[in-house]
Amino acid sequence: MLSDLLAPDAVLPTLKVNSKKQAIQELAEKAAALAGLPEREIFETLLQRERLGSTGVGNGIAIPHGKLPKIGRLFGLFARLERPIDFDALDSEPVDLVFLLLAPEAAGADHLKALARVARVLRDPQTAAKLRATRDAAALHALLTQPAASNAA
């Protein structure tokens, strides 16, 4: 369940970008406004992480993430892209679902647990299909924050 990571206003239902760098820039700008942090710092942190290897995890999903010294808690931002873009994903497929995750520098295992939770939600084929089919921010937020199905291990 991602309700503790994702505020209702941290959902971008139809983000129009043409490149990975532009996507990261737009996400950094929105995250900066919502989290009250310097946009440049977020952008640089995300770009540094991408240089280590793409956060495009496959199936049209990317989870750009990074740790920031000034952020007080885990912070998530979801964007559904208007058009899929090349994200250097592991499976070389274009990406259209992006979940940005920012964590405090000292988050340690919480950061990894949150990443795993995000990946689990987005990798669910039914959830991904529903996310791709809706352009309504409130509906997207509801899909992302609904309790996991009881049969999920």
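UniProt positions are given here in the numbering used for this structure, and annotations may be inferred rather than shown by experiment. The model is predicted.

**Exercise 1.** State which residues the UniProt domain annotation covers, and describe that span.

Solution. Step 1: the unreviewed UniProt entry carries the annotation "domain: PTS EIIA type-2", which covers residues 4–147. Step 2: in the model, this span is 44% helix and 28% strand. Step 3: its end C-alpha atoms are 12 Å apart.

**Exercise 2.** Classify K67 as buried, partly exposed or exposed, and find its contacts.

Solution. Step 1: locate K67 in strand β4, residues 65–68. Step 3: leaving aside neighbours within four places in sequence, K67 contacts T45, A103, P104, E105, G108 and H111. Step 4: for P104, which is 37 residues from K67 along the chain, the C-alpha separation is 5.4 Å.

**Exercise 3.** List the buried residues of helix α5 and the elements they pack against.

Solution. Step 1: helix α5 spans residues 137–145. Step 2: its buried residues are L140, H141, L143, L144 and T145. Step 3: these pack against strands β1 (6–15) and β5 (75–85), and against helices α3 (109–123) and α4 (125–133).

Methods. Residues are numbered from 1 along each chain as its sequence is written. This is a predicted model: local features need pLDDT of at least 70, side-chain atom pairs count only at pLDDT 80 or more; totals for chains, interfaces and linings use all residues. Side-chain values use heavy atoms; hydrogens and water are left out. Buried means under 20% relative accessible area, exposed over 50%, partly exposed in between (1.4 Å probe, protein chains only). Helices (H or I, at least four residues) and strands (E, at least two) are DSSP runs, numbered from the N terminus. Contact means heavy atoms within 4.5 Å.
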